[in-house]
Amino acid sequence: MSAPRALAAAGTAAPRLAAVLLGAACVAWTAVPPRHTGLATLALVASIIAVVTGALRLALADVPQPEEGFFPTAPVRAWLTFLAVLRGLPWEEIAVVALLWLEVQHPVRPWHTAALGFGLVAYLLAVHIAESGAPAGRLLRRQAKVLLAGACLLALGAGFAMLPAAAPGAGSALLRVLAAAAVVAAAALVLPGRD
Amino acid sequence: MAGPVQQVEVRWRPSRHARRLLTLALAALLLATLTRRPELVGVAAPALLLLGAALPGRAGRPGRPARLAVRVGLASSRLYEGELAAVDLAVDDTRFDTRWLFEAGRGVEPASATAANGAAARFEFTVPRWGSRQLGSATLVLHDPWRLTEGRAQLVLPAVDCYPEPAVERTRVVLSRLPNRLGEHAARVPGEGTEFAGVREYVPGDRQRAINWPASTRLGRLQVNTFAAERSQDIVLVVDATSDVGPPGTSALDLGLRGAAGAARAYLDGRDRVGVICYQWGGARWLAPSLGRRQFYKIIDTMLSADAGWGRGETFSRLPRAALPPGALVVVFSPLLDQRFVETLRDMRERGFGLFVVDVLNTVPPPRRTFSDAMTRRIWQMEQQAIRFSLRELGVPVVHWDGAAPLDLPLAPYARRPLVVHR
């Protein structure tokens with residue numbers, strides 16, 4: 001393989017590999033320590049399947065769809081169905097929901113959850129860069145300020161969770177959630193949308 | 001490369017990235033509310049900030065044009081089988097991150113990556129088999145700087161004409177009797193050519209520079225050199241499009257068209273007048289013999305429009321008279337499977353045309369185990385041999401060409417000396 005082609009192949013493969021690694025890291029981060037309740041196991045299996053299938057989708061992104069013939073053979077039909085399922089379902093969304101569900105199966109651990117949040121955003125960004133071929137450096141430079149503000153809010157959310165409740169009961173916990181949501185909404189509205 | 005400008009309609013919608021961020025934010029907020037865990041609101045925060053920062057009306061967000069001007073340029077609208085060609089795409093609006101996706105049409109194979117980023121892109125492709133092909137379509141994907149809004153526009157790319165790759169042919173079969181027209185083939189009659197024909201006695205009026213001094217000194221009388229006249233011939237290529245058997249790419253019609261294209265090029269290079277007849281169901285498409293490079297492309301265009309479908313229309317046994325000038329050499333490319341076509345060849349031979357058949361049949365019925373199938377196969381093979389034998393008996397040379405070797409190889413025994421046609 002010539003040097004420019006090798007460089008081009010590496011340029012395409014690196015974001016895909018990053019997306020796969022980030023997805024796997026999110027799954028591992030959320031799964032530890034293992035929970036053996038029914039819903040936790042289901043969420044773990046769903047997240048693993050979604051991350052693996054999402055990785056397969058990225059890996060097979062350059063494989064062209066075979067031309068439809070009049071009488072496709074069974075392997076061709078199976079391959080077409082596989083590609084349709086792979087490319088049709090929103091695997092990353094399924095992974096995100098399953099991971100969040102798995103996280104709430106664990107006892108409260110604010111900093112752990114905050115790190116998962118950052119990992120999920122990084123995973124989604126990596127998937128987008130891998131599938132769209134967007135220049136990663138330029139994209140991250142543009143969004144650096146917002147991501148930094150998001151990281152601060154993540155920390156703030158974790159901090160809210162660590163505050164002792166003003167009064168015992170469910171109402172106090174809900175109040176803290178609403179307060180955190182208000183801070184996030186205010187930040188989203190105030191933050192200037194410049195490049 | 002500059003090309004014609006197309007105005008394309010752009011459809012805007014949230015990108016997949018935006019939808020994923022929204023899913024993350026909504027799921028985190030819902031779970032935060034249900035489980036009363038504020039740290040999950042923090043998980044939603046980066047996604048919400050990104051979505052909020054890209055809200056319409058914010059500074060730095062370009063407007064969303066409903067239409068865009070796109071330039072489409074083809075390196076060539078005509079190409080040969082397997083030849084590398086390219087289509088250039090460019091968009092004038094550079095405010096967005098642009099991505100091009102190329103979807104090749106049926107019968108077109110991409111030869112480069114099918115996706116490219118940037119305001120301009122070049123996609124290479126090849127067409128493995130002759131014919132008029134739709135190049136396919138290209139999708140223009142526009143992203144705003146935040147990659148949260150996505151505009152898509154679909155372009156239908158132009159069609160290309162793929163010509164059959166001409167067979168390699170350098171030698172030419174030449175008739176012994178040539179029409180009285182200036183050309184490049186040495187005729188048997190004396191004339192003003194450059195090929196030495198013999199020596200004769202000087203007669204008044206002969207050119208002084210034609211005197212052969214050694215012969216004159218030896219014989220004691222003035223002798224002059226004589227030269228062969230140089231004539232051109234009329235060639236009519238007949239392509240049998242009634243039967244297309246064999247695997248696509250090396251079928252009888254593929255070989256017929258490639259062989260005819262190679263022969264047309266070889267004879268036109270020799271300043272012969274070349275015409276073509278495509279024998280097909282329901283009639284013939286033909287082009288009267290003529291000279292020149294342009295005639296080559298006209299011949300191929302005529303061949304490409306031949307219908308090799310299975311629809312059986314009315315047939316005819318006599319080829320059009322205007323397409324067959326008297327004294328022409330008729331070079332036939334056929335698998336000789338259709339009996340009516342064979343009868344047409346016999347009729348032409350009886351009318352006195354010099355015929356030359358290139359047999360392009362390279363496939364046989366598959367062998368079967370049953371006795372009756374094997375017998376049928378054997379009878380079919382004998383029938384094919386009989387057809388070829390009967391043509392040879394009529395004085396029509398039949399040579400077999402497999403499509404892989406140069407056409408010179410089967411023609412070699414007939415290209416060494418002029419082909420004598422008994423009328």
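**Reading the structure, piece by piece**

Guide: Let's start in chain B, where helix 6 (residues 339-350) lies across strand 16, strand 17, strand 19 and strand 20, running at about 155 degrees to strand 20 of chain B. Helices here (H or I, at least four residues) and strands (E, at least two) are DSSP runs, numbered from the N terminus. Lying across rests on contacts, and two residues are in contact if their C-beta atoms, placed from the backbone, lie within 7 Å. Angles run from 0 to 180 degrees between N-to-C directions, with axes as lines fitted to C-alpha atoms, for helices over the stretch in contact.

Visitor: Before we go on, what am I looking at, and how are things labelled?
Guide: This is a predicted model: local features need pLDDT of at least 70, side-chain atom pairs count only at pLDDT 80 or more, and totals for chains, interfaces and linings use all residues. Residues are numbered from 1 along each chain as its sequence is written, while chains are lettered from A and ligands numbered from 1 in the order in which they are written.

Visitor: Which sheet do those strands belong to, and in what order do they run?
Guide: In a regular strand the side chains alternate between the two faces of the sheet. Here six strands of chain B form an open sheet in the order 18-17-16-19-20-21, with mixed pairing. Two strands pair if DSSP finds at least two bridges between them. Strand 18 (283-290) and strand 21 (398-400) of chain B are the edge strands, each pairing on one side only. From one strand to the next, the twist averages 15 degrees.

Visitor: How many bridges join strand 16 to strand 17 of chain B?
Guide: Seven bridges join strand 16 (residues 234-240) to strand 17 (residues 273-280) of chain B, and the two run parallel. One pair to find: Val239(B) has Cys278(B), in strand 17 of chain B, as its bridge partner.

Visitor: What does helix 4 of chain B lie across?
Guide: Helix 4 (residues 252-269) of chain B lies across strand 16, strand 17, strand 19 (329-334) and strand 20 (354-359) of chain B, at about 170 degrees to strand 16. Of its 18 residues, 16 are buried, so helix 4 of chain B is largely enclosed by the rest of the structure. Buried means that 20 or more other C-beta atoms lie within 10 Å of a residue's own; exposed means 12 or fewer, and partly exposed is in between, with C-beta atoms placed from the backbone. Just after helix 4 of chain B, Arg271(B) takes a positive phi of about 60 degrees.

Visitor: Is strand 5 of chain B enclosed or open, and what does it join?
Guide: Five of the seven residues of strand 5 (residues 85-91) of chain B are buried, so this strand is largely enclosed by the rest of the structure. Strand 3 (residues 67-74) of chain B runs antiparallel to strand 5 and is joined to it by five bridges, with Leu74(B) opposite Val87(B). Six bridges join strand 5 to strand 9 (residues 120-126) of chain B, also antiparallel; there Ala85(B) has Phe125(B) as its bridge partner.

Visitor: How many helices and strands does chain A have?
Guide: Chain A has seven helices and zero strands. Buried residues make up 33% of its 195 residues.

Visitor: How do I read two helices side by side?
Guide: Two packed helices are described by the angle between their axes and the distance between the axes. The axes of helix 4 and helix 5 of chain A come within 11 Å and cross at roughly 175 degrees. That makes helix 4 of chain A roughly antiparallel to helix 5 of chain A (under 35 degrees counts as roughly parallel, over 145 as roughly antiparallel, 65 to 115 as roughly perpendicular and the rest as oblique). Among the residues that meet are Val96(A) and Leu99(A) in helix 4 and Leu116(A) and Leu120(A) in helix 5 of chain A. Helix 4 of chain A is mostly covered, with twelve of its 15 residues buried.
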